Structure formats: C-alpha cells, structure tokens
Amino acid sequence: MSAISRDEVANLARLARISMSDAELDHLATEMDVILGAVARVQEVAGKDVPPTSHPLEVSNVVREDQVVPSLTPSEALSGAPASHEQRFKVPQILGEE
Amino acid sequence: MSLNYEQAVEKYEPTLGLEVHVELNTKSKMFCGCATEFGAQPNTQTCPVCLGLPGSLPVVNKKAIESTILIGLALNCTIAPYSRFARKNYFYPDMPKNFQTSQYDEPICVNGYLDVEIETDDGSKSFRVEIERVHMEEDTGKSLHVGGSTGRIHGADYSLLDYNRAGIPLVEIVTRIIPNTGKYAPQVARAYVASLRDILRGLKVSDVKMEQGSLRCDVNLSLSEINSGKLGTRSETKNVNSLRSVERAVNGEFIRQANRLTSGERIIQETRHFLEESGQTRPGRSKEQAEDYRYFPEPDLVPVIPDNKWIEELRKTLPEKPSDRRKRLQQAWSVPDKEMSAIVNAELLDTVEETVLLGADPTKARSWWLGEISRIANDRSVFPTELISVKDVYQIITLISQGELTDKLARQVVEGVIAGEGSPADVITKRGLKVVSDDSQLMKAIEDAIAAAPETADRVRGGNIPAAGALIGSVMKATGGKADAAKVRELLLKHLGQ
C-alpha cells in the first residue's frame with residue numbers, strides 16, 4: 001500500500017496553492033511515495049527511546065534580549081513588493097463578493 | 001414569535017469557551033529586534049525576519065518567554081518542562097511568511113484556572129474557569145480593504161498591508177469549557193476577561209488596551225436543550241474588544257442560536273463577527289471545511305526548556321493577586337463592598353491608591369476621583385487621569401483638610417486645573433479662591449448678617465440653633481462662598497452666646 005494517495009497529494013497542492021496537471025499529480029504521488037518510504041525506514045531504525053527531533057543540534061533556550069535594533073526604511077521594506085500604495089504593500093483582491 | 005433572552009435561557013443551556021489574545025508590551029518583536037510602537041507610520045517597523053524574506057532567521061525574545069511564564073504562573077498553570085514552536089501554515093497576506101509562528105501540541109503553560117466572582121440572584125457566586133493552555137505566538141499585519149461596495153474584505157478591489165504589527169509577541173490564553181454558567185454565561189464571560197485583564201495589568205506584561213486591540217477575546221458558544229446531555233454546534237465570535245461587548249456578544253449569540261434551534265434550523269460551525277451597534281453577530285468565514293493548517297515544528301527555532309531555577313526566579317517577582325490586593329485595600333480604607341466595586345469598575349483603583357499613598361484621606365480621594373472628576377471625564381469621554389494628575393488631586397484634598405479650601409472652592413480649583421490654568425496653587429491665586437479664614441474679616445460678615453436679621457439672631461440667642469442656618473447662609477453669600485461654613489457656624493454661635 002502506498003504511503004500517500006494521489007488524492008492526498010492533490011489536497012496538499014490545493015492547500016499550497018500550486019496548480020497541477022493530472023500527469024504531474026500522477027508523477028508526484030509516485031515520487032513522494034518513494035520519499036516517504038525512505039523516511040519510514042529511518043523510523044524503523046529509531047527505537048522507542050529516541051525522541052523525534054525537529055532540530056539537528058542538541059540546543060535549547062536560544063534567546064535574545066528585548067532590545068530594539070533599527071528596522072528597514074519603508075522604501076527598503078517595499079523594494080521587493082510587486083505593488084505598493086501609501087507606504088503599504090498592495091495585494092490583489094483576497095475574497096470575492098459573498 | 002422570536003425568543004428573548006429570558007425565554008432562551010429557560011429552554012437552552014450554554015457551553016461557553018473563551019480565547020483571549022494579548023499583545024505583550026515588549027520593546028521589540030517576538031523573533032526580531034523591530035520596535036513595537038503602536039500607531040507608527042506604516043511599514044517603518046519591519047525587517048527581513050518579520051517580512052519573511054528568504055534566508056532570515058528568527059531568534060526568540062527572552063522577555064516574551066518570561067512574560068508568558070509569568071502569565072502561566074499567575075493563572076495557576078503548570079509550566080511545561082519542554083515546549084516548542086510550530087508553523088501554522090495558511091495563505092493570507094496578513095502574514096508575509098505564509099505561516100504564523102505559534103505553538104501547537106507543546107504549549108509553554110498548561111492546566112491552570114482562574115476563579116471569578118459575579119453577582120447572581122442569590123448573591124455573589126464564584127465560578128472556576130479552567131485554563132487549558134497559554135501559548136506564545138506572533139501577531140499578524142494590518143490589512144486595509146479598499147473599494148468594493150461594503151469596505152469589507154468581500155469584494156474589495158485590493159488590499160493594503162502594513163506589517164508593523166506582524167511579529168509582535170502575542171500570548172493566547174484558552175479556557176476549557178466553562179460548565180454550568182446557565183443564564184449567567186454573559187456575566188461570567190465578562191468577569192473572566194475583566195479578571196484576566198487585571199492580572200495582566202498587575203504583571204505589567206501588556207498594555208491590555210482592549211480598544212487598541214492589545215487584548216481581544218474570541219467567544220465560543222454552543223447551546224443544547226436543557227438536560228438533553230447533548231453538545232450543540234458552536235460558533236466562534238472573533239475579536240470582541242471591550243468588556244461590555246464580551247457580555248453583549250455572548251448574550252446576542254445565545255439569542256440567535258436559541259431562535260435558530262427553536263425554529264428547527266441548524267447552527268453552522270463558523271466564525272462570526274460582533275457588531276458593536278446592534279450587539280448581534282454576523283457570519284464571517286465558514287469553518288465547515290475544517291481548516292488544515294499543517295502544523296509542524298518550527299525548524300528555525302530550538303525548544304524552550306525552562307529549568308526550575310528560571311521558573312522560581314520568575315515566581316518570586318509575581319505581584320500580589322488583584323483579588324487579594326482589592327481585599328487588602330478595602331480593609332485598609334474601610335470602604336463598603338458597593339463603593340469598592342464602584343472604584344474597581346471605574347478602573348480607578350490604582351489612581352485612588354496612588355492618591356492615598358501620597359497622604360490623602362482614602363474617603364476624600366475616592367469621592368473626588370469617582371465624583372466630580374469622573375463626571376467631567378465622562379462628559380468628555382476621557383479617563384480621569386487624562387484631565388488632572390494624582391499629585392494635583394492630592395494637593396487639593398490636602399488644602400481642604402487644612403481648611404484652606406472648602407469643597408465648593410475645591411470644585412472650582414479642579415475645574416481650573418482641568419481647564420489648563422496651571423497647578424492648584426496657580427488656580428487659587430488667579431481665581432482668588434482662598435478660603436476667608438481671617439477671623440476679623442469673618443466676624444465683620446457675621447455682624448453684618450446679624451444686623452440685617454436681628455429677629456433671627458434673637459431666636460438663636462433664645463436657643464433655636466437651627467435658625468442659625470439662615471445667618472450662616474448670608475455670611476457664605478457675603479464672602480462669595482469662600483468661607484469655611486463650619487468655621488462660620490462656630491464663630492456665629494459663639495458670638496450669639498450659644
């Protein structure tokens with residue numbers, strides 16, 4: 001049985017706002033299944049005494065003091081924006097009429 | 001026929017849950033050093049981290065963690081020995097990263113409670129509100145929707161984004177279901193948010209200004225028929241931003257859901273918005289398609305593992321609980337319950353305490369702040385301390401107790417200070433408001449009053465003390481209200497052999 005179905009890949013694509021053709025979905029579903037299979041093998045090796053990790057280094061509590069450092073200027077901040085207006089990022093319509 | 005609130009509570013019982021978001025008052029943001037000033041020009045407080053530019057790396061603000069632990073301790077929570085951040089993925093331009101850094105299944109504080117008291121038909125009653133979790137996250141940017149027919153997001157032509165607020169530390173405090181509130185659900189919700197706000201203010205971790213959005217409440221409510229044992233479908237009313245609105249939102253949602261259920265309609269699980277004007281709610285995004293945020297541990301941040309030493313150091317800095325403080329002050333000032341509630345409800349407890357700490361009499365401090373000054377402040381829709389300082393009020397009260405001002409003159413001094421005529425001393429000089437305390441001057445006025453009404457004077461001489469009132473009145477009039485009435489009375493009676 002495959003680790004991820006074609007429908008699940010389609011749903012992920014929808015959530016990630018990536019449009020995909022049927023051929024691409026077929027292809028990716030197979031490819032992701034191989035990747036998940038490889039990960040599953042790692043899972044088999046890790047015993048119950050090995051906690052899942054989200055970070056490769058054994059460090060914790062990395063913090064900074066609450067100090068203000070200079071920000072970008074508004075023009076620097078907006079320099080990469082496709083559109084801006086009144087010193088704000090301008091984005092296309094978010095939701096259509098109800 | 002539609003049900004009103006009284007009819008609705010006879011038929012249905014509520015299941016209430018509250019989520020409160022509070023912006024911390026750190027100087028810098030949660031994961032970067034950008035400033036957090038409220039009301040700054042758009043996009044002047046951003047950097048590659050909070051704009052989510054490629055290659056930028058977040059680092060957690062230590063004070064934000066400490067503030068969250070303090071909140072957890074004040075709410076009787078367990079501080080988790082191991083806690084992690086997670087990415088909450090969604091596509092919406094209020095977060096330029098396309099995810100919000102939050103906490104998911106490993107929040108920093110869990111399993112707390114807060115007891116709140118409300119007035120019921122059977123006297124005051126305490127409700128325990130259990131806290132499920134307190135977690136850290138970041139606020140989002142501010143959007144402005146331009147064009148379209150309604151000025152709302154739906155059908156707007158385009159939207160404008162200001163990311164100054166994106167990345168400001170935000171703490172989310174989530175209750176468990178609050179059981180058995182019955183018809184008191186609106187009051188319990190309000191009392192909970194009010195108590196929480198007092199605690200947060202006492203901890204000095206947030207400005208807790210609901211009107212500026214630094215404290216906002218989401219109200220989750222569902223109804224079920226009384227004794228049916230079934231849970232109803234809930235709605236979530238978002239971003240309610242005043243105590244009064246919290247109470248009204250619960251009330252309004254209660255009535256709306258009761259009416260739908262009674263007429264056989266179903267409740268849709270959805271997000272709703274509270275409408276200030278009508279006290280009702282309107283639908284927002286539908287949650288029927290369960291949102292899939294694909295949470296996963298934030299790989300750019302390391303776990304937070306607070307050791308006992310850190311937690312105990314923070315615990316030592318916890319201030320007195322607001323409820324304890326209230327009891328202590330009430331006793332020290334010998335204030336009746338009702339008046340103490342009035343001070344607390346007017347949010348003047350700090351102000352009255354400061355005035356008393358300077359040396360003012362508690363009763364006088366209370367009556368000036370809650371009386372004359374609050375009256376003027378209400379008229380102008382401002383907070384009393386925006387009109388006049390604690391120090392000025394203390395000075396005025398002192399002058400009254402020293403006999404330099406009468407209450408009547410003091411009111412004019414307050415008026416002058418509020419009008420910007422300077423300090424109380426300045427106003428007294430400029431307006432010539434000093435009490436006539438010179439005995440010879442007073443005696444002259446007393447003799448004039450007696451001469452003008454010899455028969456009244458005779459009655460007083462004959463033992464009719466109340467008759468002195470008329471004479472005192474004319475002396476007060478002659479001195480333009482600047483005499484101390486008690487003193488006039490004393491001199492007058494003595495002069496008439498009483």
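Good morning. The domain assignment of chain B, whose bounds come from an automatic or database domain assignment, gives domain 1 (5-314), domain 2 (322-431) and domain 3 (439-495). The C-alpha centres of domain 2 of chain B and domain 3 of chain B are 31 Å apart.

Some conventions come next. This is a predicted model, in which local features need pLDDT of at least 70 and side-chain atom pairs count only at pLDDT 80 or more, while totals for chains, interfaces and linings use all residues. Residues are numbered from 1 along each chain as its sequence is written, chains are lettered from A and ligands numbered from 1 in the order in which they are written, and side-chain values use heavy atoms, with hydrogens and water left out.

I turn to the interface. How many residues of chain B are in contact with chain A? With contact taken as heavy atoms within 4.5 Å, 56 residues of chain B touch 40 residues of chain A. The area buried between the two chains is about 4,000 Å², and carbon and sulfur atoms give 57% of it. Buried area here is the accessible area, computed with a 1.4 Å probe, that two parts lose on being put together, summed over both.

Which residues form a salt bridge between the chains? The rule asks for a side-chain nitrogen of Lys or Arg within 4 Å of a carboxyl oxygen of Asp or Glu, and it finds 1 salt bridge across this interface. The partners are E65(A) and K62(B), whose closest N and O atoms are 4.0 Å apart.

On the side of chain B that touches chain A, the elements giving two or more residues are β2 (60-61), α2 (62-74), β8 (142-146) and β9 (158-162) of chain B. Helices (H or I, at least four residues) and strands (E, at least two) are DSSP runs, numbered from the N terminus. Of these elements, β9(B) gives the most, with 5 residues. By class, this side of chain B divides into 31 nonpolar, 15 polar and 10 charged residues. Ala, Val, Leu, Ile, Met, Phe, Trp, Tyr, Cys and Pro count as nonpolar, Asp, Glu, Lys and Arg as charged, and the others, Gly among them, as polar.

Strand pairing also crosses between the chains. Two strands pair if DSSP finds at least two bridges between them. Strand β1 (residues 63-64) of chain A pairs with β2(B) in the parallel sense over 2 bridges, and R64(A) stands opposite N61(B) there.

What is the strand order in the open sheet of 4 strands? The order is β2(A)-β3(A)-β9(B)-β8(B), with antiparallel pairing. At its edges stand β2 (84-85) of chain A and β8 of chain B, each with a single partner strand, so one side of each has no neighbour in the sheet. Within this sheet, 5 bridges join β8(B) and β9(B) in the antiparallel sense, with H145(B) opposite S159(B).

Now to strands within chain B. An open sheet of 3 strands runs in the order β5-β4-β15, again with antiparallel pairing. Its edge strands are β5 (99-102) and β15 (296-297), each pairing on one side only. Strand β4 (residues 86-89) pairs with β5(B) over 4 bridges, and R87(B) faces T101(B) across that pairing as its opposite residue.

Strand β6 (residues 109-120) of chain B is joined to strand β3 (residues 78-79) by 2 antiparallel bridges, where T78(B) stands opposite V110(B). A further 11 bridges join β6(B) to strand β7 (residues 123-138), also antiparallel. These two strands, β6(B) and β7(B), form a hairpin with 2 residues between them, and T120(B) stands opposite G123(B).

Strand β12 (residues 235-240) of chain B pairs with strand β11 (residues 215-225) in the antiparallel sense over 4 bridges. With strand β13 (residues 270-274), β12(B) pairs in the parallel sense over 4 bridges; here K238(B) has H273(B) as its bridge partner.

Finally, the whole structure has 35 salt bridges over all chains. One joins K309(B) to E313(B), with the closest N and O atoms 3.6 Å apart. Both residues lie in helix α5 (residues 308-316) of chain B, 4 residues apart, about one turn of the helix.
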